[in-house]
Amino acid sequence: MSHPTDGNCIFCKIVAGQIPSFKLIEDEHTIAFMDINPVNPGHALAVAKGHWPTVDAIPPDVLASVARTAQKVAKAAFKELKPHGVNLVQANGPGAGQSVPHLHIHIMPRREGDAVSLNWEPKPGDMKEIGDMAARLKAALP
Ligand code: 5GP
Ligand code: ZN
């Protein structure tokens with residue numbers, strides 16, 4: 001099956017085998033491989049084979065396939081690496097920290113006390129603002 005591709009995209013090149021990667025798993029719509037700038041040992045990426053930049057652009061069934069692949073890698077990480085936890089992280093747009101505009105889910109094994117800055121302290125929100133946001137989002141749902 002053919003997928004949309006972007007000739008300038010580093011992950012499209014990995015999918016096409018034009019640049020090397022430490023590949024973990026592959027199926028019809030997805031592949032997973034190791035991140036070459038790991039935040040922690042075992043940091044991997046599950047990506048769509050097709051080039052869709054963000055969560056709002058990718059077909060839902062392909063996104064589901066990427067999630068299934070990420071789950072398999074997370075299970076392997078839990079089983080083999082015995083981390084204290086695993087984060088699945090998926091960034092959309094530069095404001096969210098996305099540096100490669102080809103949809104991917106990070107699988108990040110975590111250790112207590114590691115310096116990965118993904119976690120925050122909960123602070124109570126303003127109920128009026130939360131309710132207003134809920135109303136706007138509900139009205140915008142597909
Ligand atoms: P983002 O910042 O878009 O959420 O994540 C992109 C990830 O891709 C980064 O963690 C970065 O280390 C990784 N990355 C960038 N270039 C390459 C590459 O050529 N090969 C691999 N395996 N990972 C890459
Ligand atoms: Zn791409």
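Predicted model: local features only at pLDDT ≥ 70, side-chain atom pairs only at ≥ 80, totals over all residues.
User: What volume does the second largest pocket have?
Analyst: Residues are numbered from 1 along each chain as its sequence is written, and chains are lettered from A and ligands numbered from 1 in the order in which they are written. A pocket is an open set of points, on a 1 Å grid over the protein atoms alone, where a 1.4 Å probe fits, with protein on both sides within 12 Å along at least five of seven lines. With grid points joined across faces, edges and corners, and volume taken as the space filled by probe spheres set on the points, the second largest pocket has about 200 Å³.

User: Which element gives the largest share of the lining of the second largest pocket?
Analyst: Lining residues have an atom within 4 Å of a point of the pocket, and here they include Leu24, Ile25, Lys72, Val73 and Glu80. Two or more residues of this lining come from each of β1 and α2, where helices (H or I, at least four residues) and strands (E, at least two) are DSSP runs numbered from the N terminus. The largest share, seven residues, is supplied by α2.

User: How many charged residues are in the lining of the second largest pocket?
Analyst: Asp, Glu, Lys and Arg count as charged, Ala, Val, Leu, Ile, Met, Phe, Trp, Tyr, Cys and Pro as nonpolar, and the others, Gly among them, as polar. Lys72, Lys79 and Glu80 are among the residues of this lining. Beside eight nonpolar residues and one polar residue, the number of charged residues is three.

User: Which residues lie nearest the centre of the largest pocket?
Analyst: The largest pocket holds about 480 Å³ of space. Its lining of 17 nonpolar, eight polar and one charged residue draws at least two residues from each of α1 (10-15), β2 and β5. Of the 26 lining residues, those nearest the centre are Phe11, Asp35, Asn37, Leu45 and Val100.

User: In what order do the elements of the protein chain run from the N terminus?
Analyst: The C-alpha atoms of the protein chain fill a box of roughly 50 × 40 × 25 Å along the principal axes. Its secondary structure comes to three helices and five strands. From the N terminus on, the order is α-β-β-β-α-β-β-α.

User: How many residues of β2 are buried?
Analyst: Buried means under 20% relative accessible area, exposed over 50%, and partly exposed in between, with a 1.4 Å probe and protein chains only. For the protein chain of 142 residues, 35% count as buried. Strand β2 is mostly covered, and of its five residues the buried number four.

User: Against which strands do the buried residues of α2 pack?
Analyst: The buried residues of α2 include Val62, Val66, Thr69, Val73 and Ala77. An α-helix has 3.6 residues a turn, so residues three or four places apart point the same way. With contact meaning heavy atoms within 4.5 Å, the buried residues of α2 pack against β1, β2, β3 (44-48), β4 (85-89) and β5 (104-110).

User: How far apart are the end C-alpha atoms of helix α2?
Analyst: Helix α2 (residues 60-81) has 22 residues. The expected span is 1.5 Å times one less than the number of residues, so the helix should span 32 Å. The distance between its end C-alpha atoms agrees with this, at 31 Å.

User: Is Lys82 buried or exposed?
Analyst: Lys82 lies in the loop between α2 and β4. Although Lys82 is not a glycine, its phi is positive, about 45 degrees. Because its relative accessibility is 57%, Lys82 counts as exposed.

User: What is the C-alpha distance in space between Val86 and His106?
Analyst: Val86 belongs to strand β4 and, at 21% relative accessibility, counts as partly exposed. Not counting residues up to four places away in sequence, Val86 touches residues including Ala74, Phe78, Ile107 and Met108. Val86 and His106 are 20 residues apart in sequence, and their C-alpha distance is 9.8 Å.

Note on methods:
Heavy atoms only, no water.
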